[in-house]
Amino acid sequence: MREYKKIYKKEIQPLLNCYLARKYEYKPIKYTIDNGKNKFRSALPFLLLSDKKKARAIGVVGEIIWASCLIQDDIGDKDSIRRGKDSAWKKFGLLWASHSSILGIILSKRILEDFNLKSLIPSLENDFFATIKSQIEQSLFNFSVSPKRILKNYLEKGKLGSWPIKEA
């Protein structure tokens, strides 16, 4: 896992900082990303793609959109702790964190446009939609839900997290 962190720090983080650093509106997103662990989501595209410029963009978008999703998930679940620290909404407030996460979704699309990767936007939107829809569905589950439906839901929830790898 240290190798992923090295790639993240050297190849992904500088570009990520260009988009997020010193911009107050993205502080909850940056906070959520910085509190992450292994960084495999953003490092794997860099390992898998020969086009390193594309790999960096996919890695950055993967981090931003996943952090945006986590912020919304913590708000919805009223989770005040994420990875042993205050969740973004607890640290920055509900309004700032929720609005930042929405801006992160928009920023993700803009980054893909900046790198002439518009063709990846539909898959990003589809996977984001599937993940959020499955989170809503899961909140409605009760003990009568079939194991097959639970498995389908679990696989759908992971679509956004695996988007960067799928696009690599």
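Student: How do I read "buried" and "exposed" here?
Tutor: Buried means under 20% relative accessible area, exposed over 50%, and partly exposed in between, with a 1.4 Å probe and protein chains only. Take Glu11: at 14% relative accessibility, Glu11 counts as buried.

Student: What should I know about the model before going on?
Tutor: This is a predicted model, where local features need pLDDT of at least 70, side-chain atom pairs count only at pLDDT 80 or more, and totals for chains, interfaces and linings use all residues. Residues are numbered from 1 along each chain as its sequence is written, and side-chain values use heavy atoms, with hydrogens and water left out.

Student: How many salt bridges does the structure hold?
Tutor: First the idea. Side chains of opposite charge can pair when their charged atoms come close. The rule for a salt bridge is a side-chain nitrogen of Lys or Arg within 4 Å of a carboxyl oxygen of Asp or Glu. The structure holds 10 salt bridges.

Student: Which residue forms a salt bridge with Glu3?
Tutor: Lys6 does, and the closest N and O atoms are 3.5 Å apart. Helices (H or I, at least four residues) and strands (E, at least two) are DSSP runs, numbered from the N terminus. Glu3 and Lys6 are separated by about one helical turn, because they lie three residues apart in helix 1 (residues 2-20). Lys6 is exposed, with a relative accessible area of 52%.

Student: Which residue pairs with Glu11 in a salt bridge, the closest N and O atoms being 3.9 Å apart?
Tutor: Lys10. Glu11 is buried, whereas Lys10 is exposed at a relative accessible area of 63%. Salt bridges that share partners join Lys10, Glu11 and Arg56 into one network.

Student: Is Asp73 buried or exposed?
Tutor: Asp73 is buried, with a relative accessible area of 17%. Asp73 forms a salt bridge with Arg82, the closest N and O atoms being 3.6 Å apart.

Student: How many disulfides are there?
Tutor: A disulfide is a covalent bond between the sulfur atoms of two cysteines. The test is a pair of cysteine sulfur atoms within 2.5 Å. By this rule the count is zero. Cys18 is exposed, at a relative accessible area of 55%. Cys69 is buried, at 1% relative accessibility.

Student: Where does Gly84 lie?
Tutor: Gly84 sits in the loop between strand 1 (81-82) and strand 2 (85-86). Gly84 is exposed, with a relative accessible area of 68%. From Gly84 to Phe128 the separation is 44 residues in sequence and 25 Å in space, C-alpha to C-alpha.
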